[in-house]
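Hello,

Here is the structure I promised to pass on. Please open it first, then read the notes below.

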Amino acid sequence: MFLISLERAITRFSNLLGVVSTVLFIALLFNVFYDVLMRYVFNSVSIGMQELEWHLYAAIFLLGIPYGIQHGGHVRVDLIYENLSIRGKAWIDLFGCVFLLIPFTLLVGYYGVGFAHEAYALGETSGDPGGLPYRWIIKAVIPFAFFSMAISGLGMIIRCINVLRGVSEEGFSHPPIQH
């Protein structure tokens, strides 16, 4: 029962990041609309608003990945995977998470902390006049996102263990997509 509760808590965390990505996407739409309106109607360009577009896009992408991992939206080689049994899929996902996803995300997250800290300590800002200050904020999203991916990977590991124990088939019972 503990593993099922933990898996659900991790799923809620990943869903929250999905909601944050959605809100940031809406903010990006307004930002782009404002930027285009100001440029072509009022002939006014804001470097800061253009940089904010890049920052929002990066945050949307990075924070959306844990949601995608948790809900099976990540890339797989479906030539083999889609024809496997539920237990076979669980073994493949378990192997991929333990030996590929978790080590990679923890490594990038670990080094990303130093990357963001250095930007904060130096007071790094945009190199362009009128650009955004506090570049450490977007750089801090990198380790946060990768540690969040590791947490989502842990949720996937727990889901695989629950399937292999015969406790749950949640997340594996989707029929294969026919092309």
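Tyr134 is exposed, at 55% relative accessible area. Here, buried means under 20% relative accessible area, exposed means over 50%, and partly exposed lies in between, with a 1.4 Å probe and protein chains only. Tyr134 sits in the loop between H4 and H5. Its phi is positive, about 55°, although Tyr134 is not a glycine. Most residues other than glycine have a negative phi.

Asn43 also has a positive phi, near 50°, and is not a glycine. This residue is in the loop between H1 and helix H2 (47–70). Asn43 is exposed, with 71% relative accessible area. Helices are DSSP runs (H or I, at least four residues), and strands are runs of E (at least two); both are numbered from the N terminus.

**What you are looking at**

This is a predicted model: local features need pLDDT of at least 70, side-chain atom pairs count only at pLDDT 80 or more, and totals for chains, interfaces and linings use all residues. Residues are numbered from 1 along each chain as its sequence is written, and side-chain values use heavy atoms, leaving out hydrogens and water.

**Salt bridges**

How many salt bridges does the structure hold? There are 4. The criterion is a side-chain nitrogen of Lys or Arg within 4 Å of a carboxyl oxygen of Asp or Glu. Three of these are described here:

- Glu7 and Arg159 meet at 3.3 Å, N to O. Glu7 is in helix H1 and Arg159 in helix H5, so this pair ties together parts 152 residues apart in sequence. Glu7 is buried at 4% relative accessibility. Arg159 is buried too, at 8%.
- Arg135 pairs with Glu51, with the closest N and O atoms 4.0 Å apart. Arg135 is in the loop between H4 and H5 and Glu51 is in helix H2, so the pair ties together parts 84 residues apart in sequence. Glu51 is buried, at 2% relative accessibility.
- Lys139 and Glu124 meet at 2.9 Å, N to O. Lys139 is in helix H5 and Glu124 in the loop between H4 and H5, 15 residues apart. Lys139 is buried at 13% relative accessible area, whereas Glu124 is partly exposed at 23%.

**H4 against H5**

Helix H4 covers residues 86–122 and helix H5 residues 136–164. Their axes come within 7 Å and cross at roughly 160°. Axes are lines fitted to C-alpha atoms, for helices over the stretch in contact, and angles run from 0 to 180 degrees between N-to-C directions. H4 and H5 are therefore roughly antiparallel. That term applies to angles over 145 degrees; under 35 is roughly parallel, 65 to 115 roughly perpendicular, and the rest oblique.

Val20 lies in helix H1 and is partly exposed, at 31% relative accessible area.

Val32 is partly exposed at 33% relative accessibility. Val32 belongs to a nonpolar surface patch with Phe33, Val36, Leu37, Tyr40, Val41 and Phe42. Together they have about 710 Å² of accessible area. Patch residues have over 30% relative accessible area and no salt bridge; like charges are joined within 9 Å, nonpolar side chains (Val, Leu, Ile, Met, Phe, Trp, Tyr) within 5 Å. Areas come from the Shrake-Rupley method with a 1.4 Å probe; for residues, only the protein chains shown count as cover.

Best wishes
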